[in-house]
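Here's a quick tour of the model, written for someone who likes to know the cut-offs. Have a look at it first.

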Amino acid sequence: MTVDQIVSDPILATVLQMSDQARGQGRDLLRLVAQQSAAASPESRVEISRQQNRLLTSLSHLRGLHRNACFAARDTKTRTAERRHDVDRLHLQLQNLYYEQRHLQGEIVACESYDHKYQQLPLMPVEEFLAQNPDRATDDENELMYARIEHERAEREGLEQRRQELLKRKQKLIAENTRRKEDLANLDQNLEKFIDAAKPILELFEKAP
């Protein structure tokens, strides 16, 4: 695999092309100088000078491209570090989400296996409840359970209200019974007083001929 096949960055590819061009110009210049004798003609010296200027221009251009390539590499390193930081941050967030997912799954399992108090309520059987409330036949399990609990609450509130009414009636009857007992006790006392007061009269009647 050649260098051209390995390097895909446009900036580096331009540097390689300019480097090949400068190298070729350097070889041409060396070959031209080697071919000249000690007493070179003016035309030869002009050609050598022209080749030197071309080589210097290419080298100057190559240095500029090399400098730009260094800046681009530095910028690429900076962007790579930033992207790596973003990837690390996203990876940490992903790990946190996995941890939260496992925690929530554990909470769900705990809630599903928890012995809820409402499960111990003496609710009306489902069949009987649906027979009394046919409009609830399409409810799901949660809605049906909520409706049964509400039904039980309403029934208990009704029974509690009835119990309070009976308790008030009982207290009223107790108060009335107590009042009647007091009336009877007062009547007994008055009767005893009447009998005591009538004793002299009875004695007079007994002594009469």
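This is a predicted model: local features need pLDDT of at least 70, side-chain atom pairs count only at pLDDT 80 or more; totals for chains, interfaces and linings use all residues.

## A buried histidine

His-151 counts as buried because its relative accessibility is 17% (buried is under 20% relative accessible area, exposed over 50%, partly exposed in between, with a 1.4 Å probe and protein chains only). His-151 sits in helix H5, residues 141–207 (helices are DSSP runs of H or I with at least four residues, numbered from the N terminus). Leaving out residues up to four places away in sequence, His-151 touches Met-124, Phe-129 and Gln-132 (contact means heavy atoms within 4.5 Å).

Residues are numbered from 1 along each chain as its sequence is written, and side-chain values use heavy atoms, with hydrogens and water left out.

The average pLDDT is 83, and 89% of the residues score at least 70 (pLDDT is the predictor's confidence in each residue, from 0 to 100). Helix H1 (residues 3–6) has the lowest confidence, with a mean of 58, and helix H3 (residues 42–113) the highest, at 89.

## Cysteines

There are 0 disulfides in the structure (a disulfide is a pair of cysteine sulfur atoms within 2.5 Å). Cys-70 counts as partly exposed because its relative accessibility is 35%; Cys-111, at 47%, also counts as partly exposed.

## Leu-94

Leu-94 is part of helix H3. With 37% relative accessibility, Leu-94 counts as partly exposed.

Methods. Helices (H or I, at least four residues) and strands (E, at least two) are DSSP runs, numbered from the N terminus.
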